[in-house]
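Have a look at the model first, then read on.

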Amino acid sequence: MSESSLQDVRAVNGGGSWFRRNQIAITPWLFLAPGVLFFIFYVISPIFQSFNVSLYEWDGLGEAEYIGLRNYQDLYWEFVDRDAFFVSLKNNVIWLFLYLLAIPAGLMIALFLNQNVWGIRLYKSLFFFPFVISQVVVGLVFTWFYDPTFGLLNTIIGWVGLGPVNVLGDERLVTYGIIAAGLWPQTAYCMILYLTGLNAVDPEQVEAGRLDGAKGWKMLWHVIIPQLKPATFIAFVVTIIGALRSFDLISIMTQGGPFGSSRVLAFYMFEVALSEYGFRMGYGAAIAVVLFLIMLCFIAYFLWSMWKEEKGAR
Amino acid sequence: MFPRPIESTGRTTQAAYKTLLPIALLMWLAPLLAVAVFSIKPDADFTTGNYWGIPSTFEGLANYGKVFLESDMPRYLLNSVFITVPTVIGAVALSSMTGFALGIYKFRANLWIFFMFVAGNFVPFQILMVPVRDLTLDMGLYNTKTGLVLFHIAFQTGFCTLFMRNFIRALPFPLIEAARVEGVAEWRIFWFVVLPLMKPALAALSVLIFTFIWNDYFWAVVLTQGPESQPVTAGITSFNAQYRAAYHLMSAGSIVAALPPVLMFFLMQRHFIAGLTLGAVK
C-alpha cells in the first residue's frame, strides 16, 4: 500500500473515536491474539519447557530432581557404546537419505502420468491414493505384505525360487523395509506436487528446447527441472519433515524391534518417556531436544529460503 | 507439454502406454488390494492356507458386519469424528483471522509472527510431548476428546496460517483499499470482503486438516487411552489385539478405519489437491 493512500484512509476514518483513528494499527493484533496466544501456549512454550525438563530426572508424577546435563552425558555414552541412542541416530540418518528417494520417484511417476489419454484423471487419483490413507493402515498393510508365511512379497519372490525373507524380523533389513513402506505414501505426495508443477511448465520453452534439438533426459534436466523448482522445494521440505517425524510406521510395524534395531529418535524418545521402559521424562526430553536441534538446521534453512523470497516479492 | 504427448507418437507406443498404465497401477496398489481381498475372505481360507487363491466363499458382509456390530469400531469412528470436526472448525477459524492479519497489514512484527507459525509447524512432535501431556493432565483433560482437540487446533493453526496468509496475499489488494476509502470498518472488510473470497482456501484447508487429524496416531496415543476417547487410528491397534491372527477381520477393520479420509479425498479432490500443492507453482 502506498503512503498517500494510507493518509487518505486516515483522513476518511479520522475524526471518530480513538479506536476508529487507530483502527489499522490495532485490528491486526485483535485478529492475531487468539491464534497467537493459543499457539504460544501449546506449541512454542512447550519447546522451552522440554529444554528445561531435559535437565531433570523425573518420572512424570513425583518430585523432579535437577541433575544438570547428566541426561546428555548418558546420551553421549549411549552414543559411544553404540547403544540404543546410537542406533536410533544412525537409523534417522538412513531415513533422511533414503526418504529423499521419494522426490525422484515421484517425478518419474508424474512424468509417466502426464498424458492425456482416456481415464487418466482417475489413474492420477488412484496413484495418489496411498497418501490419503493413515500411516497406521499403511503400516498394517505393509506388515502383512512382508509377512514371511503368506505375505505378497514372499509369494512373489517365491515364484522366482527365492526363499522367504522375514524383512521385519531381520535386524539388517528391518529399517529399509519400514522406509520402503514410508516411501509409498511419500512418493504419492511428491508425484502430485510434480503433476501440478508439470501442468504449469511453459510450453513455449519446451518448444524452443525441441527446436534446439533437446530431447529426453537433456530436455528434462535443462528445461523442465529448472521450471519445477518450486515443486521440488516443497517436496524437499515435506520429505525431510516426514523422515524426521517417522513414528507411526515404526510403532505399528515393529515397535522398534527386533532388539531395538529399527528405532529412530522419535520412537526411542516415546519408548523412554511413555512405555513399559518406565517413565523417564527427563531423559526422553533430552532425546527430543537432540531431534529438535537436528530439525532446527532444516527449519532455519527453510525459513531462510522463504525470507529471501519474501524480500524479492515486495 | 512434457513429456511429448502420447497422441503424437506411433500406434505401438500408444498401445504399449495404454497397457502399461493399468499394470503399473495394479503393482502400485498391490499391498492395498491384497488387504481388500483378505477382507472378503472367510476365516477358513486362512486356516487352509488359501491366502492368495479365489475366496472359497464371499464373506465380505459377514466380516464387515462383525467389525461394525461386534467390536468397539463404531465407538472409535465416532470418537474420530468428534475429534476431527471441531479441530477443523477451530483451526480454520483461528487461521483465517491470523492469516488475514498477516496477509493484509504491514507492521514490524508481521514477518516474525509469520515465521513463528511456520517454524512451530515444522517442529518434531516429541519436543512437545512431555510438556503437552503434562499440561493436559493439569487441566484435567487427559483421556478426553477435548484435550486432544485443543492441542490439535493449536498445532494446526501453524500450518493453516501459512496457507491462509499466502492465499490472502494473492488476493487483489485494491479491493481492500477501495473498501477502506469507503470508510468500511476493518472487521467488516474481513467479514464481507475477504472471507467470501477465501472460500476456496477454506474448503481446501478443511479437507486437508480433516485428513491430517483423522490420520493422527501419535497424539492419540499420548493424550488418550481406551475406547471412550481414542480415535480410530489408535483404536485399530486394540481391535487387532482383540482379533489377533483373524486376518479377515483385521483387514476389514483397517479398511473401515482408512475409508473416511479416502471418501473425503474423492469427493473434494479438486480442493484437496489445490491445498496440497499450494506453492508448487509460481
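This is a predicted model: local features need pLDDT of at least 70, side-chain atom pairs count only at pLDDT 80 or more; totals for chains, interfaces and linings use all residues.

1. Residues are numbered from 1 along each chain as its sequence is written, with chains lettered from A and ligands numbered from 1 in the order in which they are written.

2. Chain B comes to 14 helices and zero strands (DSSP runs numbered from the N terminus: helices are H or I, at least four residues; strands are E, at least two). Its radius of gyration is 24 Å, well over the 19 Å from the globule rule for 282 residues, so chain B is more spread out than a compact globule. That radius is taken over C-alpha atoms, and the rule is 2.2 Å times the number of residues to the power 0.38. Along the principal axes, the C-alpha atoms fill a box of roughly 75 × 65 × 30 Å.

3. Helix H13 of chain B (residues 247-267) is worth a look: H13(B) bends by about 40 degrees at B:Leu259, with B:Pro260 following within four residues. The bend is the angle between axes fitted to the seven residues ending there and the seven starting there.

4. The contact takes 87 residues from chain A and 83 residues from chain B (C-beta atoms, placed from the backbone, within 7 Å). On chain A's side, helix H3 (residues 23-53) gives the largest share, 20 residues.

Note on methods. Two residues are in contact if their C-beta atoms, placed from the backbone, lie within 7 Å.
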